Amino acid sequence: MDTEASLGSLPYVPGTGRPVPEAEPEVVERWRSGGGELVELLSQVRERFGGIAAFRLGPAPTVLVTDPQAVQHVLARHPERYVKRSHRARVLIGGGVLAATGEAWKRQRRLLQSQFTGTGMRRYEQRITEAAWTTAGRWDGYARTGQTFDVGQEMRRFALDAIWRSLTGHPLDDGTERELAAVAAVATALPTLPADVIDAQDAVAADLARIDAVARHAIEAARSGAAGPDGPGLLHVLTDAAAERPEYTDQLIRDELVTLLVAGHETTATTLTWLYLLLDRYPAAREQALAAGGEGSAGRRQAIQALVHETLRLYPSAWILPRHAAENDTLAGYAVEAGTDILICPYLTHRDPELWSDPEHFDPRRFIIPDGRPTHPGAYFPFGMGPRACLGLQFALRESTVLLEHLLPVYTLAFSSTPAKAVYGITVRPDGPTPATLVPPLS
């Protein structure tokens, strides 16, 4: 986000609401002089002024929204009033569905929606399971040899394999994996790239060229009709659409492919990495999940899903959601003028002590026991909410659950070191490597 850009005005509009409380300039200046993450400033603003507050990073204020009712108002009830203007990942994903707006977004979303619900998801169940088997096989080797490996890299490898199989019908091979490392490289670099699109593309030109070459080869293979050993995949849906919809050019197909790669593996890998780091600090949570039922039981699956949900509460896939007010509105009694920028922050909502008891503590039972979590939908939304909620929500939850069902009963991790803090980019990721060895299973 360009913190020097004008972020819209927020004057009092008589008859529509009271002014949004605005943080004093000193609050921002203390944050600037400390050189901290944006989330630190947002935390200070929320703590001092509550769930709706304004602050200035440039000449005009922006509004932070963490109150659950206001979150639901913006994202779910009135998405036409609070629109998505662009996406900072556009340099990587181009016009893919994540960055698209208006009628283009509606068309692209409609085409992909059916692939991630109901029957569509069942097509990819076996592919996700095969990716989990492959990961479990590698971990068998690590356990036998005592080899140290990076947990974050392992989780990215699994998640990339799962989405690649679902896209192409092929398992992820070593060469493709090496080339697609460029996806993570560009995603990590995005927050530091120049604001100008051309300059940003130039800064990561070599990595973009590697990604484009993989995408071009995969598109040509799909268009030739050659399905992989698992049958046709999501990419075939896109190439088939091009026969009837002229907007599905090779460029748009490439953009959708890369969007699905980014959304389909980076967030899941980060969630799983955080989960294992949290289990290292709270080992009893693993034992509780395994004690909830036998292999394949509904009780164990529910407990494992609770591990994932509690991890997503602390480290949501989308930690911040920018929106732009397209018209005047009254938000929870406050006046919002057209042109105002809004920052919705799941990360802070999920850690609000007025909503969650002991919010910094990792407690998966919140998602199992009655009254363990807030009932308002705006209190927990790690994948967003409303019409622009993440398409891959069910896919991400399914692949995380399947992998953990394979690995948790057999292995525990012993970390050599753990990152001291988080980095707030496109996702919230650990700041540093996560080296570990596996404790061999009991015979």
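A332 is partly exposed, with 45% relative accessible area. In this predicted model, A332 sits in the loop that joins β6 (329–331) to β7 (334–336). Its backbone is worth a look too: A332 has a positive phi of about 55 degrees although it is not a glycine.

D358 belongs to the loop between α16 (346–349) and α17, and at a relative accessible area of 51% D358 is exposed.

| Helix pair | Axes come within | Crossing angle |
|---|---|---|
| α13 (residues 250–281) and α17 (residues 393–407) | 10 Å | roughly 40 degrees |
| α12 and α13 | 10 Å | roughly 160 degrees |

The angle between α12 and α13 makes α12 roughly antiparallel to α13, since it is over 145 degrees. The crossing of α12 and α13 is right-handed. On the α12 side, the contact is made by L234, L235, L238, T239 and A242, and on the α13 side by I253, E256, L257 and L260. By type, the residues of this contact divide into seven nonpolar, one polar and one charged.

With α17 the arrangement is another one: α13 and α17 are oblique to each other. Their crossing is right-handed. Here α13 contributes G264, T268, L272, L275 and Y276, while α17 contributes F395, A396, E399, S400, L403, L404 and L407. These residues comprise eight nonpolar, three polar and one charged.

L393 also lies in α17. Is L393 buried, partly exposed or exposed? At 29% relative accessibility, L393 counts as partly exposed. The C-alpha atoms of L393 and G264 are separated by 9.4 Å, although the two residues are 129 residues apart along the chain.

Another residue of α13 to follow is T273. T273 has 6% relative accessibility and therefore counts as buried, being under 20%. Leaving aside residues up to four places away in sequence, T273 touches V151, G152, M155, P430 and T434.

**What helix α12 buries**

Helix α12 spans residues 234–242, and its buried residues are L234, L235, H236, L238, T239 and A241. Which helices do these buried residues pack against? They pack against α5 (102–113), α8 (151–168), α11 (205–223) and α13.

In soluble globular proteins, nonpolar side chains tend to be buried together. In this model, the largest nonpolar core has 120 residues. The largest share of this core comes from α13, with 15 residues. Which residues have the most contacts inside the core? They are L42, W139 and Y276.

For L42, the contacts can be listed by name. Not counting residues up to four places away in sequence, L42 touches F55, L64, W319, I320, L343, C345 and L348. A second, separate core has 20 residues, including A318, A325, I344 and M385.

Technical notes. Residues numbered from 1 in each chain as written. Predicted model: local features only at pLDDT ≥ 70, side-chain atom pairs only at ≥ 80, totals over all residues. Heavy atoms only, no water. Axes fitted to C-alpha atoms, helices over the stretch in contact; angles between N-to-C directions. Helix = DSSP H or I, 4+ residues; strand = E, 2+ residues; numbered from the N terminus. Parallel < 35°, antiparallel > 145°, perpendicular 65-115°, else oblique. Left-handed = near helix turned anticlockwise from the far one by under 90°. Contact = heavy atoms within 4.5 Å. Nonpolar A, V, L, I, M, F, W, Y, C, P; charged D, E, K, R; others polar. Buried < 20%, exposed > 50% of the residue type's maximum accessible area, 1.4 Å probe, protein only. Core = buried A, V, L, I, M, F, W, Y, C linked by side-chain atoms within 4.5 Å.
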